[in-house]
Amino acid sequence: MSHIKKIDYFIFIPYIILCVIGVIMVYSASANINAQNGGSPFGYFIKQLSFALIGFILVMIVTSLNIKKLRSPMLLKVFGIILGIILLYLLFFGSKINGAAGWVHVGGLSIQPSEFTKFYLIILLADAITKNQSTLLDSPKSWWKEMEKPLIITIVIIGLIFLQPDTGGAAINFMIVFIMLMASGFSSKKALAGISAFFVAMIFLIYKVLPLLSGIKRFANSYQFQRIIAFTQPFSHAKTSGTQLVNSYYAISNGGLFGVGLGNSVQKTGYLPEPNTDFIMAVLTEELGAIGTFCVIVLLAIIILRTIQLGVKVDDPYQSLICYGVATYLTIQALFNFGGVVGLLPITGVTFPFISYGGSSMFALALCIGLVLNISRRHSEIPLLNSAASEEVK
């Protein structure tokens, strides 16, 4: 009970509100389609409500844990082996959904392991970097030798996700690793040079190389290629690969400032594919308007900023790195989803945190929110906009 009294409401309350909004929007976005297909209009609603409740329980459990237990070498090893085996299995035997073999089917549920790798890489790298922090500062070359094993594990996991192919999941995991390494003191000049080269290469690939590959049937017919083509020329492919983005534009335009009202979206009634997952923010914007979308973004931003602040304030490097990893996870995932919805980024199939339908995403996010709340309760109250030093709770 004492853990509940010390809970960080700047994180906990926005988390609860976002989950409630997510359950409501999943019902609104899916009820019509389910009914048209002969199913129950409450199908996705019941599942999402269950996911949110289980996620809440996970948050409470992780908040109350002794965080040192997450640093157990055996736990990290077993967790990594299980993820590696599952990802390998999916690579060779997984059935594809939307072009990627990224789901394990258990009963009536579909579990996406790449969501849980985000949580795993955060705790793995926070532990490994902290153990080798002094070596990094004294001798960066020696630090790379000490970090060889966890870095190889990280590269293998991200590589397996990329080969599914799940480019969005691989990119988010990569950014989590990148930011955590930056926070540890790794050379920012080398890292920025590498990232800049990566983005230049991607721009060249999208606008120069891919148009040439469009004449090659094997590339032209791939799901990932079609997504990129839809991103660069959505209205030229409005009836095929560009239909998601074009109808997302229509939904956002229909919504205007105040929206057409909850439940009144037109685009969700068969025009917009995946209205309850990848493009739920388009439906939300159509029904609740730009103001509703702004409120959702503000709630998520409060969680992210509070998490970053905790990372800056706490005096334990391990806990700081966890905070930075979680903040990166939430930020990049939201940017990838919303960027795809508004056409600023290619569609990656990434969910919007706490809002989109999906158990794997909800559970992985719950584990991370629980971690941050656990860290927060171990320190004295840290005002949201105050720079006063924190003291660890005994």
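Which residue just after H13 takes a positive phi?

1. Gly256 does, at about 60°. This is a predicted model, and the points below should be read as such.

2. Five salt bridges turn up in a search of the whole structure. One of them pairs Arg306 with Asp8, N to O at 2.8 Å. Arg306 sits in helix H14 (residues 280-313) and Asp8 in the loop between H1 and H2, so the bridge ties together parts 298 residues apart in sequence. Both Arg306 and Asp8 are buried.

3. Glu287 and Lys268 also form a salt bridge, at 2.9 Å from N to O. Glu287 belongs to H14, and Lys268 to the loop between H13 and H14, 19 residues apart. Glu287 counts as buried because its relative accessibility is 1%, under the 20% limit. Lys268 is buried too, at 5%.

4. Within helix H5 (residues 113-131), Lys131 and Asp127 lie four residues apart, about one turn. Their side chains meet in a salt bridge of 3.3 Å, N to O. Lys131 is exposed at 52% relative accessibility, whereas Asp127 is buried at 5%.

5. On the surface, Val20, Ile24, Leu262 and Leu288 form a nonpolar patch. Together they have about 310 Å² of accessible area. Ile24 lies in helix H2 (residues 9-36). Ile24 is partly exposed, with a relative accessible area of 39%.

Technical notes. Residues are numbered from 1 along each chain as its sequence is written. This is a predicted model: local features need pLDDT of at least 70, side-chain atom pairs count only at pLDDT 80 or more; totals for chains, interfaces and linings use all residues. Side-chain values use heavy atoms; hydrogens and water are left out. Helices (H or I, at least four residues) and strands (E, at least two) are DSSP runs, numbered from the N terminus. Patches are made of residues with over 30% relative accessible area and no salt bridge: like charges are joined within 9 Å, nonpolar side chains (Val, Leu, Ile, Met, Phe, Trp, Tyr) within 5 Å. Accessible areas come from the Shrake-Rupley method with a 1.4 Å probe; for residues, only the protein chains shown count as cover. A salt bridge is a side-chain nitrogen of Lys or Arg within 4 Å of a carboxyl oxygen of Asp or Glu. Buried means under 20% relative accessible area, exposed over 50%, partly exposed in between (1.4 Å probe, protein chains only).
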